Amino acid sequence: MLGYAGRILHVDLSSGKIWTESLKEELARKYIGGIGLGMRLLLDHSRPGADPFSPENPLVVATGPLSGTMVPTGGNGHAFVSKSPQTFAMGEAKSHGHFGTAMKRAGYDAIIFYGKAEKPVYLWVDDDAVQIMDAKHLWGKSPQETEDAIRNELKDFYIRVASIGPAGEKLVRIACIINDRTRAAGRCGLGAVMGSKNLKAIAIRGSKDVKVPNQDRLLELVKIQHERMKGPAARKYRTLGTPENVLVLQKLAAMPTNNFTRATFDGAEKISGEYLNERFVAKIIGCSSCAMRCEHIAVVPEGPYKGTTTRVEYEPLWAMGPNCGVGNLDAILKGMDLGNYYGVDTISIGGIVGFAMDLYEHGIIGKEETGGLELNFGNHEAMLEMIKRISLREGLGDVLAEGVKLAAEKIGKDAPNYAVHIKGVEMTGYDIRGLKTAALGYAVSFRGADHNRHGAYGPDVAGKVNRFKAEKGRGKLVKETEDLYTIIDSLIVCKFSRGTYFEGFKDLAALYSAVTGIEMTPEDLRVAGERINNLGRLFNIREDLTRRDDTLPWKIMNVPIPDEGVAKGSFVSQEELDLLLDDYYEVRGWTKDGIPLVEKLKEVGMEDLIYIVKDKLEPKPSKKKAEKKEE
Amino acid sequence: MAAVPKAETSKWKMVSCDPDKCTGCTVCEYICSLTKDKVFSAQKSRIRTMRLHPLVNISIACRLCSPAPCVTACPRDALKQSEQTGVIIIDDDKCDGCSWCIEACDYGAITLHPELKKVRICDLCEGDPKCVKWCPEEALDFTTKDILAQKARIAVTKKLFKESIEVAGIKT
């Protein structure tokens with residue numbers, strides 16, 4: 001079982017006890033690594049109903065079998081997994097860079113944190129020597145400052161650090177965990193879980209060897225991937241990067257604007273990937289082992305935000321741009337930089353500010369609540385101020401720091417109608433009113449609003465299906481990409497490299513086998529993908545989520561796209577959603593309520609988890625019936 | 001015994017990194033340790049990357065200094081420089097891992113092998129450096145100092161004569 005480090009590190013922050021356990025081959029083979037392994041460990045080490053911020057909710061970080069090897073983009077990933085404080089269900093978020101590489105080299109496939117430290121601490125992993133260190137002096141610092149401070153005090157520049165910023169400390173429910181300055185495990189608020197444990201950072205120095213069973217076999221595969229990564233399959237990421245989406249989605253009228261009020265943005269050219277690359281991008285860098293390189297580092301050349309240097313991707317650009325009606329790229333980049341500084345999910349922060357602007361424009365909140373801020377769409381100065389207030393829980397920011405779903409419930413009136421979220425997680429930058437395959441993918445995603453769990457916008461955007469129509473067959477499309485994406489997130493390779501696996505599971509299985517020495521067929525790997533998706537579902541069922549939660553934001557289902565043009569009038573009705581859900585559940589082998597059938601669980605080798613669904617599949621006799629019996 | 005002809009130091013070829021192209025991906029480290037030690041390990045790589053800031057990335061291997069300060073610094077005469085290639089040859093029987101050479105090297109191009117406790121320096125893979133071959137960005141070059149200087153001259157000339165080049169449609 002090479003490739004894997006073969007060890008799981010357990011850290012009880014309450015007692016200070018630290019121990020290791022060997023990774024069983026069956027667990028590795030079934031759940032692969034990354035999110036799969038992390039989710040299984042979370043399920044096994046948590047109790048149903050635990051509050052995400054309670055010491056009872058463990059936080060897991062896992063690498064994949066490919067981490068630490070030369071597999072392009074595979075060498076560097078890590079995934080955080082915990083019960084999300086936004087969804088109260090399965091939360092997972094991946095990140096890349098160099099942290100995962102270091103963790104594998106230190107000799108761990110996963111670290112599980114239990115309990116809560118009495119005072120702020122950080123974990124210092126120096127290969128086999130693991131210590132809980134005082135972090136009082138780091139409290140309040142940004143992730144970047146924390147990284148620098150830890151490298152300085154431990155006197156080694158090559159130490160890799162994943163840490164939270166002030167937002168995580170203050171339990172802002174959209175807080176993220178940042179490594180390598182600009183890389184974030186962004187979604188689901190796992191930074192706040194880390195904060196709830198008083199865990200400021202994880203610092204790792206790894207110096208062990210990572211071995212593979214047959215280096216010639218591996219190098220042959222790596223060579224093929226290198227060639228593909230230089231070709232058209234990775235072109236987008238090597239050139240304009242994800243901001244290429246701006247003009248693509250604009251053309252399709254699928255770019256949510258002003259908190260999903262409209263689906264096109266008037267200032268799109270001035271925030272496009274083309275404009276960005278020409279004027280702002282100073283350098284494109286790569287993660288450990290990557291042969292593509294995608295990380296566009298932008299620098300603001302002049303004006304009040306001159307010198308702001310930040311990584312830029314479409315999603316945060318959209319969230320703090322069109323979603324807030326902001327067309328000033330200088331300010332959007334400043335927003336991303338602030339998000340990284342405070343340690344918040346830069347998608348969700350834009351979602352929340354857009355939501356607040358919508359409430360302000362509709363008179364649901366006024367200057368009294370905003371502390372005098374004119375929170376209109378397009379006011380970029382107000383947007384930046386709100387990013388700070390939310391991150392530090394100041395004024396109105398305190399309520400908004402709960403995320404749009406919980407904040408809307410607290411604000412009351414019609415506020416929930418303006419809260420654009422799925423399962424509590426703020427939406428991402430696709431207007432799914434006119435992308436109906438994607439709409440299904442979003443609705444069923446086990447971690448809430450997300451384009452990366454399913455990639456189901458693909459067939460919609462490429463015109464492979466009629467994107468305005470909900471019909472049978474979409475369930476299969478969503479299931480297939482979900483299963484593939486889940487493996488991508490478990491191995492872990494980068495989603496941006498997905499196009500270079502020309503033969504999907506076959507290419508990925510070959511890499512897995514070459515690295516681990518465990519022969520894995522493409523079909524084995526596909527089943528593993530299916531298994532892990534069922535695992536996500538099972539966890540959520542255990543936490544009492546039902547079909548009711550597989551739903552879409554109010555605006556998506558009630559307000560047709562108003563923009564003149566191709567998408568005008570499109571929205572997703574309850575009827576359409578039901579049709580899509582029925583189709584998907586059927587393809588998945590789940591009941592009409594979205595509960596995996598016992599046969600399905602047996603088919604994918606999850607007999608040990610049947611207990612979760614048993615009561616729900618065979619409902620206890622109702623009271624009425626019971627009474628009858630007594631008669 | 002036939003005398004090995006002594007090469008001019010300007011003819012020595014070395015691994016050089018163009019920081020404008022380097023993305024900090026560390027593929028050079030992966031392939032180096034795999035080639036030399038059959039494992040993936042940054043510590044065992046003879047070439048190391050340094051990302052000081054997202055905008056500042058470079059890979060560093062032996063610069064073939066002449067005279068080489070590492071050779072001078074070694075108190076046990078364990079290091080000598082090949083007159084033919086400029087490569088620093090390590091006598092493992094003499095090297096005791098004292099690391100004076102590491103301190104003497106201005107570029108951090110020498111590492112101490114964590115298990116063998118002997119120093120390791122880029123040996124150019126017998127004239128076919130694997131890192132150069134595998135660098136996805138072609139940021140690494142196996143070249144002489146003469147050619148590096150020439151490249152710089154071409155670049156600066158292009159810059160100085162940008163207008164004429166454009167007007168005349170000169171292909172460069």
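In this predicted model, domain 2 of chain A meets domain 3 of chain A through 13 residues of domain 2 and 15 residues of domain 3. The domain 2 side of this contact holds 11 nonpolar residues, one polar and one charged. The centres of the two domains, taken over C-alpha atoms, are 27 Å apart.

The domain assignment of chain A also gives domain 1, residues 7-205. Domain 2 comprises 231-339 and 363-405. Domain 3 comprises 432-505 and 522-617.

**Between the chains**

Chain B touches chain A as well. Here 19 residues of chain B are in contact with 26 residues of chain A. On the chain B side, helix α1 (residues 27-37) provides the largest share, four residues. By class, that side of chain B has 11 nonpolar, six polar and two charged residues.

The two contact sides described so far can be set out by class.

| Side | Touches | Nonpolar | Polar | Charged |
|---|---|---|---|---|
| Domain 2 of chain A | Domain 3 of chain A | 11 residues | one residue | one residue |
| Chain B | Chain A | 11 residues | six residues | two residues |

How confident is the predictor in the complex? It gives an ipTM of 0.93 and a pTM of 0.95. For chain B, the mean pLDDT is 93. In that chain, 95% of residues reach 70 or more.

**A covered helix in chain A**

Helix α19 of chain A spans residues 436-444 and is mostly covered. Nine of its nine residues are buried.

**A three-stranded sheet in chain A**

Strands β13, β14 and β15 of chain A form an open sheet, in that order, with antiparallel pairing. Strands β13 (281-285) and β15 (309-311) stand at the edges. Each has a single partner strand, so one side of each is left without a neighbour in the sheet. From one strand to the next, the twist averages 25 degrees.

Strand β14 of chain A covers residues 295-299. Three bridges join β14 to β15, and the two run antiparallel. Which residue of β15 is the bridge partner of A:Val299? The partner is A:Thr309.

Definitions and conventions:
Residues numbered from 1 in each chain as written. Chains lettered and ligands numbered in written order. Predicted model: local features only at pLDDT ≥ 70, side-chain atom pairs only at ≥ 80, totals over all residues. pLDDT = per-residue confidence, 0-100. Buried ≥ 20, exposed ≤ 12 C-beta atoms within 10 Å, placed from the backbone. Pairing = 2+ DSSP bridges. Axes fitted to C-alpha atoms, helices over the stretch in contact; angles between N-to-C directions. Contact = placed C-beta atoms within 7 Å. Nonpolar A, V, L, I, M, F, W, Y, C, P; charged D, E, K, R; others polar. Domains from an automatic or database assignment.
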